[in-house]
Structures are given as structure tokens and as C-alpha cells.
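Thanks, everyone; today I would like to talk through the pockets in one structure, with the sequence and the coordinates on the screen as we go.

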Amino acid sequence: MNETLAVLADALPYVLQGAAITVAAVVGAMFLGLLIGVPLAVGQVYGRAPARMLCGLYVWFFRGVPILVLLFLFYFGLFSFLGWNVSALAAATIVLGMTSGAYQSQIFRGSILGLSQGQFKAALALGMSRSQAIRSVILPQALRLSIPGWSNEYSIILKDSALAFVLGASEIMARTHFVASRTYKHLPLYLSAAVLYFVLTWIGVALLRALEKRLRIKGYVHS
């Protein structure tokens, strides 16, 4: 027992450094997913037929292919083919972000469709262009209504980030496995990693819930 506690105490700083890397990857993926997801959602709702088709194709591809396959496809396939020197962590963040963009687009799309379409028509009647109406009237509301969906997306990305281990990214799972393979304390170390993922999930969801309450739109969300 004392030996196990000693191993955990020695491994904790090392694994926590991996937790910082995991958080950086998740935040980067969420931000990239936001940058991709918003235009996709707008294109699917307000775009013309070719734009809707291209957006739908993107969503169909990244929602239909497993994360592990995408990691290998981009890191060992596309990036190597193009001659890009991309680190394992950066590759994992990009793939997670592109995948998250497909899922976030559906969150935003649902939020946009949940708004009264009369607002869009009223903005046009006031002299706004389509892009001005979308940017100034629709998106500020839709993004706020999407925060509960972000909570779910955050937890999914956090769990999927563990797959970056297969590329050699030095995140939580990679560091935990490194220590476990040398100390043979697999159960306590992997259990500690599970607890760490749980804590990170809880913190992230709690922050997003606080943000949701702060930006709540009266009339759309009821306590």
C-alpha cells in the first residue's frame, strides 16, 4: 500500500503536466470547432443548394468516420503526403477540432432553427442585408442558446482526446501508460487517470453552465 501511494505521489506532477496538455488540446479543438461550425450551420440554414450540399458532405464525412481512423488518416496520411511537419499534439487538436466542427454545426443549426424566423424577416424589412441580419440578429441569440450543447460537446472532445495517445502526444493517457509500464501499478494509475478526466469534465461543464446562466436569454430558457 505504501509503495502504491509512493508511486502515485511521484507520478502525480508528471501526469498533471499531461493534464495541462490535454486541456490545451481540448480548448484548441473547441475553438477550431466553433470557427468551422458556425459557417457550416449558416450555410446549411441560409445557403443556396450547392453550399448546403458541401456543408452536408463535410458533416456527413466527419460524423461518419471514427476519430481513430481520422487521426491516422490525417497524421500519417494527409499531413505526410503534403510534407507538413505537424506535431502529434497539433495533429490531434486539428482532427478533433474539424470533427467537433461537424457536431457543433448541428448544435448551432438547431439553435438557429429554434429562433423565430420572423426576426430574420423583420431585420430584412428594416433594411439590413442577409449577412447583417445573420451576424447582428440571429447569431448572437443562437450562440447563447448553443451553450448547453457545448457542455456535451466539451465532455465528448475531452474523452476523445485520450486517443491522441496513439500518435505519441504526451497527454494524460500517454504519461499514465508510461509510468504504469515501468512500475506495474496499472490499476491505481489508470484509476487515477479516470478520476482526473472526471474532474476535468466536471470543471468544464460547471464553467459552461455558469456561462449559460450569465448569458441566458429570458423567454427562451426557463429556470
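The lining of the second largest pocket divides into 8 nonpolar residues, 2 polar and no charged, where Ala, Val, Leu, Ile, Met, Phe, Trp, Tyr, Cys and Pro count as nonpolar, Asp, Glu, Lys and Arg as charged, and the others, Gly among them, as polar. Please keep in mind that this is a predicted model, in which local features need pLDDT of at least 70, side-chain atom pairs count only at pLDDT 80 or more, and totals for chains, interfaces and linings use all residues. Residues are numbered from 1 along each chain as its sequence is written, and side-chain values use heavy atoms, with hydrogens and water left out.

By pocket I mean an open set of points on a 1 Å grid over the protein atoms alone, where a 1.4 Å probe fits, with protein on both sides within 12 Å along at least five of seven lines, and lining residues have an atom within 4 Å of a point.

The second largest pocket, with a volume of about 150 Å³, has among its lining residues L8, L12, T176, S192 and L196. Of its lining, α1 gives the most, with 5 residues, while α1 and α9 each supply at least two.

Turning to the largest pocket, about 360 Å³ of space lies there, and of its 15 lining residues the closest to the centre are V27, M30, F31, Y154 and L208. The largest share of that lining, 6 residues, again comes from α1 (2-46), and by class the lining has 13 nonpolar, 2 polar and no charged residues.

Conventions
Grid points are joined across faces, edges and corners, and a volume is the space filled by probe spheres set on the points. Helices (H or I, at least four residues) and strands (E, at least two) are DSSP runs, numbered from the N terminus.
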